[in-house]
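Open the model in your viewer and keep the selection tool ready. We will go from stop to stop, and each stop tells you what to select.

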Protein chains: 2
Amino acid sequence: MLRAPRKWITLVALLLCGGVAHAQVAAEQMIWRQVDPENLVFVELLDGRFVLELNPRFAPKTVEQFRRLVLSRFYDGLSFYRVIDGFVAQGGDGSDLGELSSVPELGPEFEISWDEEIPFTSAQESDLYADETGFIDAFPVARNFKDGKLWLAHCPGMVAMARGEEADTSRTDFYIVIGQAPRYLDRNMNVFARVIEGMEVVQNIRRGEANANGIISVDTDRSRIRTMRLGSELPEDESLKALVMDSDSKPFRKMLDDRRNRKQKFFHNKPPKVLDVCQVPNPGKVTQ
Amino acid sequence: MLRAPRKWITLVALLLCGGVAHAQVAAEQMIWRQVDPENLVFVELLDGRFVLELNPRFAPKTVEQFRRLVLSRFYDGLSFYRVIDGFVAQGGDGSDLGELSSVPELGPEFEISWDEEIPFTSAQESDLYADETGFIDAFPVARNFKDGKLWLAHCPGMVAMARGEEADTSRTDFYIVIGQAPRYLDRNMNVFARVIEGMEVVQNIRRGEANANGIISVDTDRSRIRTMRLGSELPEDESLKALVMDSDSKPFRKMLDDRRNRKQKFFHNKPPKVLDVCQVPNPGKVTQ
């Protein structure tokens, strides 16, 4: 029995139901900020590209070292050697596995101090892991009131340096969060970037076995980094422009409000008026 | 400069740091429960297999209809036609897009009533989306104290029926959560299963474009379901045994405790003693 009219209403409802759909609707009126090419990293794998935005506000020394490594072609040809589905994809030269490395270790850049001048947009007070969550420069962040600390939150798509037991042992190898936000790592890692485009390419990175803790021992079995380039080093005629949402704007705040207050008839049990900062789709746009 | 001893300590620290690693360590002493073959579904895609456990305790009519559809080979050859990275992979015949369907609609099975007899293991009180979260039969659940309702939580790997705006419009098409838990959908959908093996295969399902709300219009571009079979219909010599963790056991509770109280030296800022029910790795084991 064809019931097209009802079904087309259905489709609309499903579209509204989609998390990304909400962002799309809001995106039309969204205000966008152009990413400084110095903070843009294009990562070409064999089967696709993803794009990072670096965050010098939170991790200036890590960003500086990462930029230097990219410029020296350090990552070209290296692979993702520890990939745990639902957790992280870790890439680099495997120096964390006992390989030689002459690259200097980085000090901890786990958090910064709260400053009223920072353009913070609140997402949620009394979040499970922090007094408040929100966005700064479109990056998901969290903060504590008492100690006045502010940090980048371990949401899907966030990028941090791997390290050993000591706080100052970050060096070259990095991981991308690919599963439910491991927020217990917050304030413990040098988080320094986020994926602004191509998260589906990241999700395609070959996994290791869970009982080997994700380590893929055969090098040729791993997803490989063909090239990694800074936006600022692309030749003029290939140069790409990246835009991200301006999280310090009215349309962005409205998008957060709409997600916190779902008014659609689709919701027969109204969801609690809360927002998981890691469940806000917030991709960038990369264009010629 | 080779500093092997420190680096090997490093490796141990990184292993402990891994979410899955924790589950692995605990897994050795874990108590396992065999899944009833009636509740097992083997889904063969062209490039791999994933395995579902159905949950008749929470969604008996949905499970009954899904079993019937599997037995009638309804899903064989169908595809995942709406796939939004970071959100859901939706498969079926596209009846939600206005296609004909003679399969009856299902009533809402959004939640059940709290009952002291149900083997509930607490994960977290005052969760952002509910008064308490926990596990029942190894499925992530949430409950509210005042209204005494209990429901399956929209964590990664959970499976629910798609529907239209009306609560009773579920039919055949289903979605698998593939991104940060969209908990705002809790208590609004017929959640009826979870992926107990092969989540990396699910993550490999081809995505649609975000600005088309994930819809992949060209059928041949979609990831396809080769076959879907119930555990109970496999011939004796091919029959597979599936084990899942017994969430009503001491080792499981200890695993949750260990994740809530991270004592490793790796954590220079001790994480808050909280637990996101959707961030507990809890896969099953499928063996001959």
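Start with Thr133(B), which counts as buried because its relative accessibility is 0%. Buried means under 20% relative accessible area, exposed over 50%, and partly exposed in between, with a 1.4 Å probe and protein chains only.

A word on ground rules. This is a predicted model, where local features need pLDDT of at least 70, side-chain atom pairs count only at pLDDT 80 or more, and totals for chains, interfaces and linings use all residues. Residues are numbered from 1 along each chain as its sequence is written, chains are lettered from A and ligands numbered from 1 in the order in which they are written, and side-chain values use heavy atoms, with hydrogens and water left out.

**Around Thr133(B)**

Stay on this residue. Thr133(B) sits in strand 8 of chain B. Helices (H or I, at least four residues) and strands (E, at least two) are DSSP runs, numbered from the N terminus. Which residues is Thr133(B) in contact with, leaving aside neighbours within four places in sequence? Among them are Phe120(B), Thr121(B), Val141(B), Arg183(B) and Val277(B). Contact means heavy atoms within 4.5 Å.

**The five-stranded sheet**

Now select the strands of the sheet. Five strands of chain B form an open sheet in the order 6-10-9-8-7, with antiparallel pairing. Its edge strands are strand 6 (112-113) and strand 7 (120-127) of chain B, each pairing on one side only. Two strands pair if DSSP finds at least two bridges between them. Strands of a sheet pair through backbone hydrogen bonds, either parallel or antiparallel.

Next, show helix 5 (residues 250-260) of chain B. Helix 5 packs on the sheet and touches strand 7 and strand 8 (130-136) of chain B. The direction of helix 5 makes about 25 degrees with that of strand 7 of chain B. Axes are lines fitted to C-alpha atoms, for helices over the stretch in contact, and angles run from 0 to 180 degrees between N-to-C directions.

Select strand 7 and strand 8 of chain B together. They form a hairpin with two residues between them. How many bridges join strand 7 to strand 8 of chain B? There are six, and the two strands run antiparallel. To see one pair, click Phe120(B): its bridge partner in strand 8 of chain B is Ile136(B).

Go on to strand 9 (residues 139-143) and strand 10 (residues 149-152) of chain B. These pair in the antiparallel sense over three bridges. Val141(B) has Leu152(B), in strand 10 of chain B, as its bridge partner.

**Two positive phi angles**

Find Asp137(B) in the loop between strand 8 and strand 9 of chain B. Its phi is near 55 degrees, a positive value in a residue other than glycine. Buried, exposed or partly exposed: which is Asp137(B)? With a relative accessible area of 21%, Asp137(B) is partly exposed.

Switch to chain A and select Ser126(A), in strand 7 (residues 120-127) of that chain. Ser126(A) has a positive phi of about 50 degrees, although it is not a glycine. Ser126(A) counts as exposed because its relative accessibility is 57%.

**Chain A as a whole**

Colour chain A by secondary structure. It has five helices and 16 strands. Buried residues make up 61% of its 288 residues.

Return to chain B. Three strands form an open sheet in the order 1-15-16, with antiparallel pairing. The edge strands are strand 1 (32-34) and strand 16 (285-287) of chain B. From one strand to the next, the twist averages 30 degrees. Strand 15 (residues 241-245) of chain B is joined to strand 16 of chain B by three bridges. Click Leu243(B): it stands opposite Lys285(B) in strand 16 of chain B.

**A loop residue**

Select Ser102(B), in the loop between strand 5 (88-92) and strand 6 of chain B. Ser102(B) is exposed, with a relative accessible area of 72%.

**Last stop: the largest cavity**

Select Leu128(A), Gln180(A), Asp276(A), Gln180(B) and Asp276(B). Of the 16 residues that line the largest cavity, these lie nearest its centre. A cavity is a set of points, on a 1 Å grid over the protein atoms alone, where a 1.4 Å probe fits but cannot get out; lining residues have an atom within 4 Å of a point.

Methods:
1 Å grid on protein atoms, 1.4 Å probe; cavity = no way out; pocket = protein on both sides within 12 Å on 5 of 7 lines; lining within 4 Å.
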